[in-house]
Amino acid sequence: MSNAGVPPMRDRSWGRVAVYVVVWALAAGYLVPFGVVLLNSFRTAEEIAQTSMIGWPTNWVFGNYTAAWATYCIAQTCSGIHPYMWNSALVTVPATILSTLLGAVAGYSISLWRFRGDAWIFGLVTMGVFLPEQMRLIPWTIVLRDLGMTNTIAGLVMIHTIQGLSFTTLFCRNYYVAIPVDLMKAARIDGAGFFRIFWRIVLPLSPPILIVTVIWQFTHIWNEFLYGVTFTTGQQQPVTAALIALSASVADVPQHGIQSAAVVVAALPTLLVYLFGGRYFVRGLTAGAVK
Amino acid sequence: MSALMIRDLHKRFGSVDVLKGVNLDIESGEFIVLVGPSGCGKSTLLNIVAGLEKPSGGTVEIGGRMVNDVAPSDRDIAMVFQSYALYPSMTVRQNITFGMECRNVPRAARDKAVEHVSKLLQIEPLLNRKPSQLSGGQRQRVAMGRALVRDPLLFLFDEPLSNLDAKLRVEMRAEIKQLHARIGTTIVYVTHDQVEAMTMATRIAVMHQGEVQQFADPETIYNRPANLFVARFMGAPPMNTLPARVDGGRVMLGDGSVGLPIDAVGLGARDVVLGIRPECIAEPGRRFGDAAPLIIKAHVEMIEPTGAETIVTLRLAGEKMIGRVAPDVRLALGSEAEFAIDVRKLCLFDPKTERLI
């Protein structure tokens, strides 16, 4: 290691202090609300009501979690949030897998197979990234009605798969353009067709970008609220929509402990995905070359 | 039999004419090198032969069969790329057998073919490795193995040695030449390196601006270049070309102060461009053939010893020229020195058309 170009020690340490202050401030901004919710999920409703929303549990209770999961009443149904968690899983898992696979095939064909109008198609597909959700509400309402899929899990799967294609195609296309053209030429001379090249050559190079798209799609679809609350009601709702119904049903006595527990449980899947996949996510976003 | 016949081939990208009517007839068993500077269209030509790009006009026949509308995999060709283009996620063995896998060749036949090729190229110990675990030279061999295993009518090489270091390049050059001598399959080889062209080819096609400038054996290309472009492109250092004037049996160089005898019957008196290879300008003790050498005096401007010889830049009749003298000859910068000229290999070009006279 050479010292050339490194500023004097004092400057560097002050700079470092400044960086840490900013980083910790940002981290606190994100973590404090979560910490408050997490702590409240272990406090009783009485304790929260008598003291403050922010505080350390005097008695650690776990009953909030069992109530939130299995018995608490949401919109006249007293089975907690677990049916809605299941709904969310039924929407998120298929939609994530489908949109990632279709996006990979679409990105592959746009980046590695030149065809007439490919740039236009790519432009149109990625425009979906910038279209606001609410702008698409009415078109989707019409589509769901005409297909008879209103208030169904399958309807949400379809919407999230198609909407997700903009992102997954963009991600995969940008990753695949780094694949050398000569590889494609060699494979064509070897006699491989569109799908054989995809399965045997392109897909084995794809884990970094597939992990990125899966994490992205999973968190996005799991946390999605607007479509869930608009297109489904009652027992068909995903957990994000159910959480609203839960807070609406506590008009008489505020049950902040149970609400907090429900929020933590609902956030858990995406947190776990991030904890296990986060390092791949960062690595995949910065990975470009496939050499 | 004609291995490859190219007729009036054109290729246009937008408004750019990359190939402007290329014609080539290549006999079976030949080693053809397409050589030219970057952007001359040689790689485009190879891609069209391979079927990876469509021509804008003209025809390609491989082994007597029109292949304009035949898919790359059905043209009975194999190609080696500059980047090697090995499939990163496959082992060396899978790389070599991928083509057979696509053509549904039975496993036993595949194994036999891999065995044969890996023995030929001495890559048996590498068969289970991934490309990322190979050195540049090893990747090069595997890329050749993938082509060889096909046993095609035509091998296409697209600058296969350009990514290797200088020493390995010389080794692989010799190896490819030996390989060709052994298997005898027709090769079309693209390079920008004129040394590769001279050393390996049975015939060279020199390309420039989308046209074949000359298609001939290496000796003709070197000694009788068809035009000034070929004269200046082939050879390192390149051929000296300088304005001159023929009159009777002499050619007067540059400002007319130096004359060389030349066999130029029927030319009359006219302006020409004289081409003279650097090795035709040497130290005064050198003998070219039986005749007594012609000795001239020139001004020494620069000397570059390479060890095996010394490249000398000199000024003669007001023109700058390059000569090659023996390494033990001591020349003083800025001095007048004597040089022997080989007048047997002078080339004359028309200054307007730039063609060989």
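Where chains A and B meet, 15 residues from chain A and 17 residues from chain B take part in the contact. Keep in mind that this is a predicted model.

**Chain A's side of the contact**
- Two elements of chain A, α8 (181-190) and α9 (194-202), each give two or more residues to the side that touches chain B.
- The largest share comes from α8(A), which puts in seven residues.
- Sort the residues on this side by type and you get nine nonpolar, one polar and five charged.

**A strand tucked away in chain B**
- What sits on each face of β7(B)? One side has Leu154(B), Leu156(B) and Asp158(B), the other has Phe155(B) and Phe157(B), and all of them are buried.

**Who β7(B) pairs with**
- Strand β6(B), residues 77-80, pairs with β7(B) in the parallel sense over four bridges.
- Look for Met79(B) here: its bridge partner in β7(B) is Leu156(B).
- Strand β8(B), residues 186-191, also runs parallel to β7(B), and five bridges join the two.
- In this pairing, Leu156(B) stands opposite Val188(B) of β8(B).

Definitions and conventions
Residues are numbered from 1 along each chain as its sequence is written. Chains are lettered from A and ligands numbered from 1 in the order in which they are written. This is a predicted model: local features need pLDDT of at least 70, side-chain atom pairs count only at pLDDT 80 or more; totals for chains, interfaces and linings use all residues. Two residues are in contact if their C-beta atoms, placed from the backbone, lie within 7 Å. Ala, Val, Leu, Ile, Met, Phe, Trp, Tyr, Cys and Pro count as nonpolar, Asp, Glu, Lys and Arg as charged, and the others, Gly among them, as polar. A residue is buried if 20 or more other C-beta atoms lie within 10 Å of its own, exposed if 12 or fewer, and partly exposed in between; C-beta atoms are placed from the backbone. Two strands pair if DSSP finds at least two bridges between them.
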